[in-house]
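Please look over the chain and its ligand before reading on. The report below moves from the backbone to the pocket and then to the ligand.

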Amino acid sequence: MVLKVKLIVAVSENMGIGSKGQLPWRLKKELKYFSRITQLTSDPTKRNAVVMGRRTWESIPAANRPLVNRCNLVLSSQSLVLPEGVTLHHSLEEALQSLGDDIETAWIIGGSSLYQAALEKGLCDQLYVTRILRSYDCDVFLPEMGPGYVLARDPAVPEELQVEDGISYKFEVYEKIKN
Ligand SMILES: NC(=O)c1ccc[n+]([C@@H]2O[C@H](COP(=O)([O-])OP(=O)(O)OC[C@H]3O[C@@H](n4cnc5c(N)ncnc54)[C@H](OP(=O)(O)O)[C@@H]3O)[C@@H](O)[C@H]2O)c1
């Protein structure tokens, strides 16, 4: 089966995704959702990959990285020292090409340059977008998604409004329009 490529992001009303090297919000259940969705496979013999930029890798607390049960790939132009099993890549294409048949889905997990590259090149079959229904002071933003995607459904994704610590958010799934 061919590798699926999907993008996952949580974004504020003002399209922010990060601030000072961290997430602008603290939403435990949203992080649990990210963890569950990025580990989910339809084939139990396979696992997924998470592809991220160097700053996103550094934003994950040392105790929580590499992200468990997923193959971790990091993009950087530098020769980073990474834990065993985490691989370093110099472009998104090269990272994706390095993945073998044992991987079901490559999840693009940010940050903004990876999202930009993936969206511009139309690499993603689906986009999993958490809409945080608030504005935040941010210094990193989600690039334009473009017109090539429509709202879709995934039975694994709750459709009801989520509320955590007084912050409302909803999970959305977009699918690439087939030409
Ligand atoms: N809300 C969300 O869902 C979400 C998701 C992810 C991250 N974030 C937040 O976003 C921020 C981090 O994102 P960011 O956009 O600042 O940085 P980033 O994309 O995670 O990392 C940027 C770095 O990745 C490397 N890189 C990117 N594209 C490359 C390429 N084509 N070839 C080689 N290296 C490449 C470069 O590393 P070198 O400089 O080492 O060459 C670049 O400086 C943090 O605040 C984080 O918390 C939020």
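Pro66 has its place in the loop between helix 2 and strand 4, where helices (H or I, at least four residues) and strands (E, at least two) are DSSP runs numbered from the N terminus. The peptide bond that leads from Arg65 to Pro66 is cis, with omega near 0°. A cis bond, again with omega near 0°, also joins Gly110 to Gly111, and Gly111 belongs to the loop between strand 6 (103-108) and helix 4. In the loop between strand 1 and strand 2 lies Met15, which has a positive phi of about 65° although it is not a glycine.

This is a predicted model, in which local features need pLDDT of at least 70 and side-chain atom pairs count only at pLDDT 80 or more, while totals for chains, interfaces and linings use all residues. Residues are numbered from 1 along each chain as its sequence is written, and side-chain values use heavy atoms, with hydrogens and water left out.

The largest pocket holds about 1400 Å³ of space. Here a pocket is an open set of points, on a 1 Å grid over the protein atoms alone, where a 1.4 Å probe fits, with protein on both sides within 12 Å along at least five of seven lines, and lining residues have an atom within 4 Å of a point; the volume is the space filled by probe spheres set on the points. Its lining comprises 43 residues, and Leu23, Thr56, Ser59, Ile60 and Ile109 lie nearest the centre. Helix 1 gives the largest share of this lining, six residues.

The space taken by the ligand is this largest pocket, a molecule being counted as sitting in a pocket if more than half of its atoms lie within 2 Å of the grid points. Around the ligand are 27 residues, the closest being Thr56, Ser76, Ser77, Gln78 and His90, where near means that a heavy atom of the residue lies within 4 Å.

The table lists polar contacts, that is, pairs of N or O atoms within 3.5 Å.

| Residue | Protein atom | Distance to a ligand oxygen atom |
|---|---|---|
| Leu23 | backbone N or O | 3.3 Å |
| Arg54 | side-chain N or O | 2.8 Å |
| Ser77 | polar side-chain atom | 2.4 Å |

Of the 920 Å² of accessible area that the ligand has on its own, the protein covers 83%, with areas taken from the Shrake-Rupley method with a 1.4 Å probe.

Technical notes:
A polar contact is a pair of N or O atoms within 3.5 Å; within protein, one must be able to donate a hydrogen and the other to accept it, and residues adjacent in sequence count only if both atoms are side-chain atoms.
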